[in-house]
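I am opening my notebook on a structure that is new to me. Come along while I look up a few strands and then the core.

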Amino acid sequence: MRRSFYRGLVTLALGVAMTLPAAAATQLTGAGSSFDYPFFSKAFYIYNQKRPDVTVNYQSIGSGGGIQQFTAKNVDFGASDVPMNAEELGRAKQAVLQIPVTLGGAAIAYNLPGVSATLRLSRQALADIYLGKIAKWNDPEIAKLNAGVKLPDTPIVVVHRSDGSGTSYIFTDFLSHVSPEWKSKVGTGKSVSWPAPSSVGAKGNEGVAGQVRSTPGAIGYVELAYVIENKMPAVTLQNKAGKWVACSPETVAAAAATKPNVSPTNFSIVDSAGANSYPVSGYSWVMIYKDQSDKTRGKILYDVLSWLVGPQGQSNAKSVDYVPLPVNVQNAASATLRQMQR
Amino acid sequence: MQQLEPRFRRVARFVSPADRGFAAVVYGGSILFALLIIALFVELVLGSWPSIVHFGPSFIWKSAWDPVANKFGALPMIYGTVVTSLIAIVLASFVGIMAAVFLADFAPRWLATPLSFMIELLAAVPSVVYGLWGLFVLSPFVRTAIGPVLQKFLGWTPLFSGPIYGVGLLTAGIILALMIVPTVTAISRDVIAAIPRDLREASMALGTTRWETAIRVVLPAARVGIFGACVLALGRALGETIAVTMVIGNRPEISSSLFAPSYTLASVIANEFTEATTSIYISALIELGLILFFVSIVVNALARLMIWSVRGSERT
């Protein structure tokens, strides 16, 4: 009885093994930013349809983890919302190429029962809310931007990401650009010490969105793709040019297009000039080693990434509510990629 | 383990090769666990060494947590961890012990079996489900119903003053209580069921009611085992991460109000470890793990002491 059971098990295992494809396929591995994950899984799936011998396994373990795994050479490429800095590059002990792969923006969602009009906020007003200097929704600074809207006397509950995230980095980078007080008191980072006395930290986009939705008077920044999919009301922000812009793939792309010479050392596109630029925008990056020890693998990695940053790869961004790179940035990214020794 | 009489020990020694092999396996198995704990401790100390050297002992009582300025202190997280666990154990032990008394002594069998099963099923719910439920259902309920009522009657105490966000110490404590109630109930029920019938019969013979027997005779007789169950449950509450992270508000601040957002040791690690890049930052996070390790050791040591004291009293 037992023996026949084992025999059955062995037969089953053999059967399963035989249906698996031959091991000729190349599997590339990458790790890092969870922000990139929906875009990558879609794009690499499409690539695999095109070239069935290449699969890309991407682990969304967070940017910090991605940089560590990349530095330890456990993965073929790393991905991070903030490019590796000089200290991190030093630890890699080898020349590293960093390429922008996709764009993101943080929309400012809010929950204000009884107010149906889309709220307008200036850059300064948003900074003052997050600094805790504006504590009520009917504060004169907000009221004068929203003439004709009857604002309630509700206290503002400031919601932020509690987990370290690229979205927080872009948002605090923006606040540091527009408010000297924020820059000196708080600074820019994936996790910061949030100064507003009525602030609450929530885990992930879904946490911030859930907290905002369930708390009257709450305001919070959420990734663009998430806000589009969940149809949350979001603030119209005033940009550097003084124009009012909503967060959308077009306005984020417009912000990126103002800076074609984006580089790993000069990557910030927050608060950029241009009439249609959404001010809370940023890139996400992929890291690879310039010298690939395994030339065949290096060639495949080059093929995958040059497809990803090219027009074909970028066309997959829209379907998952991500923002494709502007054409001038695509060209710059391809040029960087060509430096790869393969 | 039962001690053998000296004259049997020689016989019981492992003699044949099969016995020796068996001995190697069982000794190896138990030593492996000891080594694992030691390795964990060593790894935590090594990982947190830069932080221990840089911040010194003041890490434990400083309350700034500012990754941008590289200023780290663990006090708000220690406070949040201890307070949420205390709320949880107070709520869970009361409800859990009462449920155990009912299941062991009062419920008819057709009710006791499915009820026990359902309570134990609570332990099988993944903690992220508790967390999401806490965020979307419990925290609005605390903000609109539980909080205002508590504030109306007890708002004069600092414990229930201040704005109610929905997320915070109290909500986290309630979620934790739900998660540890199965542990308290299951063990307490077994302990109560193990109390000899004679004791109950003697008590009833003296003319007490069933309630008086349960409260005055059975519970005191089972108190040490029940206490052990609570300490065990407390251990789980201290280390619970995801559910707490979703409902505690993640704010490294010490506030006397139970409505205020707070932070726990495990939550900070879960939130910030993946994106931490500077070495001192990672090291500070690992040191939080080390502190949590010590807190858990203290709790487990307490549980062990309780069990020893039960054995001690049984022998005399």
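I began with Q238(A) and found W244(A), in strand 10 of chain A, standing opposite. I noted that this is a predicted model.

Next I looked at the strands around this pair. Strand 9 of chain A covers residues 236-238, and two bridges join it to strand 10 of chain A, with the two running antiparallel.

I moved on to strand 7 of chain A, residues 199-202. Are its faces covered or open? I found both covered: S199(A) and G201(A) are buried on one side, and V200(A) and A202(A) are buried on the other. Strand 7 of chain A also pairs with strand 6 of chain A (residues 157-161), in the parallel sense and over four bridges. Within that pairing, I saw that S199(A) is the bridge partner of V158(A).

My last stop was the largest nonpolar core, which has 166 residues. Which of them touch the most other members? I wrote down A107(A), I108(A), I175(B), I180(B) and V247(B). Helix 6 of chain B (residues 169-193) gives the most to this core, with 13 residues.

I took a closer look at I108(A). Leaving out residues up to four places away in sequence, I108(A) touches L121(A), L126(A), I219(A), Y221(A), A234(A), V235(A) and L237(A).

Terms used:
Residues numbered from 1 in each chain as written. Chains lettered and ligands numbered in written order. Predicted model: local features only at pLDDT ≥ 70, side-chain atom pairs only at ≥ 80, totals over all residues. Pairing = 2+ DSSP bridges. Core = buried A, V, L, I, M, F, W, Y, C linked by C-beta atoms within 7 Å. Buried ≥ 20, exposed ≤ 12 C-beta atoms within 10 Å, placed from the backbone. Contact = placed C-beta atoms within 7 Å.
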